[in-house]
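Dear colleague,

I am handing over the structure we spoke about, with the sequence alongside. Below it you will find my notes on what turned up.

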Amino acid sequence: MSSSSPASRYTAVAIALHWAMAFLLLFMIWLGWNMDDNEVRYQLHKSVGITLLFLTVARIAWRLLNPPPPLPDDMKPYERQLSHFVQIVFYAMMVIIPLAGWLLVSISPFQISTVLFGTVDWPHLPFTSGLRQGNELLHGIVENIHSKGAWVIIVLLGLHVAGAVKHEIGSEDGVLKRMVPGLFGKTSPPSPPARGALVAFGSSIILFAIIAAFPLIGSGGASAPAAPAGAESAQGNWAVDYAQSEIRFTGIYDGKEFSGVFTKWNADVAFYPEDLAASSVAVTVETASASTGTKLYDSTLREGEWFSTAAFPAATVALTDFQSTGPDAYSATATMTLKGKEVSAPLAFTLTMEGDVADLSGSAVFSRKALDLGQVSDAGGSWVSDEITVSVSGKATRIN
Ligand code: HEM
């Protein structure tokens, strides 16, 4: 076969996919070995890995629609077989390794969310939540498939490169030439016309979009009986101004302070400074509305070992035992009910009146351990402090 025949070269798309994916695969192996408990690197590893999975889907579809040029005539039968074997195992590994990685994070007892490139919530594999606890054997197998798979890739890469170099040197129909655009100047034949771009990339993108849509469906469903922020609540004898009020949680994460708010909650306030014994406050918070400003943390907070929002969409806080502690200063007992656990903590707050409008500010400290939050991944509080301060601030108008 002549080297200038159009069919003697890969399509430009196949060439681009080949080199981009080769680079990303090597980068992924390096990254996998160098994640060092670094959250940013883990997320990058998962993001690029999932991207590679879908690039592989597109690449396989592309290859089926645009068969590669035949191997050079001077290759011996065993070389052809070895070349085909290497390619098939390569494709298999490019599917198996990222799938094993996805399974690994899905069944990990540390329920850390995957947010692709800090933007797209990526779900865990379906039907895996029951496999998180007490499955060390399965964890070990999947982890080994994932990590040893990288070594299979390295060995294959060695064979692949050796084969390509061997059949480049002294061969008119050099195999490397078919995959390296412009390397041989004017002697490089043009790429053949391509077909099926829409099918190959469209199917991969649609599959990705369907999977990425799952968390959106889930988050729409989990709803607590809480009023959206900004709504007015006229229960009790106070109307809370939600637009100017907030419930915030603050703790230490990795040595630094982190903080977030619940964006959906409502409060039924019956508070009589002149009759504290008759006072009571009931607050309902939509747990899925926890917002820290970082998508990864918000998604992780919704996981089973944290707020477990699918099973427990709401948390409640009841304030009782009000006492006056000074001018405009009060204390109360805050009893939080979350994930079926009931935990009480003292709340200190100030309330200053201007006409009928009160300005409120107070805080209580809760233990993560007592509330069973993050007790699988960080029971000892080495990453996230056990003490979490819940503070309230805002305005309310007395209505009777
Ligand atoms: C082609 C894609 C991928 C390659 C080549 C790759 C490669 C690797 C390598 C070499 C390691 C280090 C293993 C070791 O400790 O020796 C690793 C670890 C890891 N990978 Fe991947 N990976 C890929 C995709 C993914 C994906 C898609 C995910 C998850 C969505 C993922 C999740 C993980 C996790 C969680 C670890 C840490 C395992 C542990 O520390 O036990 N990987 N990966």
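How many helices and strands does the protein have? It has six helices and 13 strands, where helices (H or I, at least four residues) and strands (E, at least two) are DSSP runs numbered from the N terminus. Please keep in mind that this is a predicted model, in which local features need pLDDT of at least 70 and side-chain atom pairs count only at pLDDT 80 or more, while totals for chains, interfaces and linings use all residues. Residues are numbered from 1 along each chain as its sequence is written.

Asp 254, in the loop between strand S4 (238-253) and strand S5 (256-262), has a positive phi of about 50 degrees although it is not a glycine. Asp 254 counts as exposed because it has 10 C-beta neighbours inside 10 Å, the cut-offs being 12 or fewer for exposed, 20 or more for buried, and partly exposed in between, with C-beta atoms placed from the backbone. Asp 328, in the loop between strand S9 (314-326) and strand S10 (329-338), likewise is not a glycine and has a positive phi, near 60 degrees; with 14 other C-beta atoms within 10 Å, Asp 328 is partly exposed.

Best wishes
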